[in-house]
Amino acid sequence: SAARAYLFSQLKKVIDAGVPGAVLELGTHNGRLTSTNMRRVLDRFAPNRSFHVYDSFQGIPSPTTEDGISIQAGSMRVSKHDFIHSFRALGLRLPDGIHTGFFGDIPDSEYPAPVAFAFFDGDLYTSILHSFHKVWPKLSKGGVVIVHDYGPDPGTTKKMADNLGDFPK
């Protein structure tokens, strides 16, 4: 898809620019669409760069009224075993860290610093906001954050835009 091609082109730009830090993906599902391809890009162009992924492996958390959408908690559930199998089936190295939990509950110490590139795919406003709180303070100058779920719900998009003003540029 065009969105995925954009994601990988931005990752490559960060690598080419020499922005220091780890590459993170928050919200992996089974890893087949994004995680394995991020690993391929890193293995080809920056094999020594640290790659960490984060997922509850329980599906999405219970939506709040702030999330602005109606979806059942546990939707998109996939096991950590299935995620790992996606890499092994393709003969790819596993990420350097596979961190389990809802983003806001994972200790800050499990998010490496600095961060050069982060992809947020949390499906809910609160999950994306927690992602920003965990990663933004560790983002390198010239680092890139891409948010997958920005835009589908106008209310959520407005709330996210309103809150992004709280983060230093």
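**Entry 1: strand pairing.** I began with β1 and strand β2 (residues 51-55), which pair in the parallel sense over 4 bridges. For my notes, two strands pair if DSSP finds at least two bridges between them. Helices (H or I, at least four residues) and strands (E, at least two) are DSSP runs, numbered from the N terminus. Within this pairing, I found L26 opposite Y54 in β2.

Before going on, I wrote down the ground rules: this is a predicted model, where local features need pLDDT of at least 70 and side-chain atom pairs count only at pLDDT 80 or more, while totals for chains, interfaces and linings use all residues. Residues are numbered from 1 along each chain as its sequence is written, and side-chain values use heavy atoms, with hydrogens and water left out.

**Entry 2: the other neighbour of β1.** Which strand do 5 bridges join to β1? I found strand β4 (residues 115-120), and the two run parallel. The bridge partner of E25 in β4 is F119.

**Entry 3: the faces of β1.** In a regular strand the side chains alternate between the two faces of the sheet. I checked this strand: A22, L24 and L26 point one way, V23 and E25 the other way, and all are buried. Buried here means under 20% relative accessible area, with exposed over 50% and partly exposed in between (1.4 Å probe, protein chains only). For β1 (residues 22-26) I noted 5 of its 5 residues as buried.

**Entry 4: the crossover.** I followed the chain from β1 through helix α2 (residues 35-45) to β2, and these make a right-handed β-α-β unit. Right-handed means that, with the strands pointing away from the viewer, the path from the first strand over the helix to the second runs clockwise. In α2 I listed S35, T36, M38, R39, V41 and L42 as buried. The buried residues of this helix pack against α1, β1, β2, α3 and β4.

**Entry 5: the cores.** How many residues does the largest nonpolar core have? I noted 25, and those with the most contacts inside this core are L11, V23, M38, L42, F51, F83 and F117. A nonpolar core is a set of buried Ala, Val, Leu, Ile, Met, Phe, Trp, Tyr and Cys residues joined through side-chain atoms within 4.5 Å. The elements giving two or more residues to this core are α1 (2-17), α2, β2, α3 (80-89), β4 and β5 (139-147). Its largest share, 5 residues, comes from α1. I also found a second, separate core of 14 residues, which includes Y54, V115, F132 and V135.

**Entry 6: two buried loop residues.** I looked up T34 in the loop between β1 and α2. T34 has a relative accessible area of 6%, so I put it down as buried. Its side chain joins that of R4 in a polar contact of 3.3 Å. A polar contact is a pair of N or O atoms within 3.5 Å; within protein, one must be able to donate a hydrogen and the other to accept it, and residues adjacent in sequence count only if both atoms are side-chain atoms. Not counting residues up to four places away in sequence, T34 touches R4, L7, F8, E25 and F119; contact means heavy atoms within 4.5 Å.

S56 sits in the loop between β2 and α3. I counted S56 as buried because its relative accessibility is 7%. The S56 side chain reaches the backbone nitrogen of Q58 at 3.0 Å. Leaving out residues up to four places away in sequence, S56 touches T100, G101 and F102.

**Entry 7: rings.** The structure holds 5 aromatic pairs. Rings of Phe, Tyr and Trp (its six-membered ring) pair if their centres lie within 6.5 Å; planes under 30 degrees apart count as stacked, over 60 as edge-to-face and the rest as tilted. Y54 and Y111 are stacked, at 4.5 Å centre to centre and 5° between the planes. Y54 lies in strand β2 and Y111 in the loop between β3 (97-100) and β4, so this pair ties together parts that are 57 residues apart in sequence. Y54 is buried at 0% relative accessible area, and Y111 is buried at 2%.

I then turned to F83 and F87, a tilted pair with 5.2 Å centre to centre and 55° between the planes. Both lie in helix α3, 4 residues apart, about one turn of the helix. Ring pairs link F57, F83 and F87 into a cluster.
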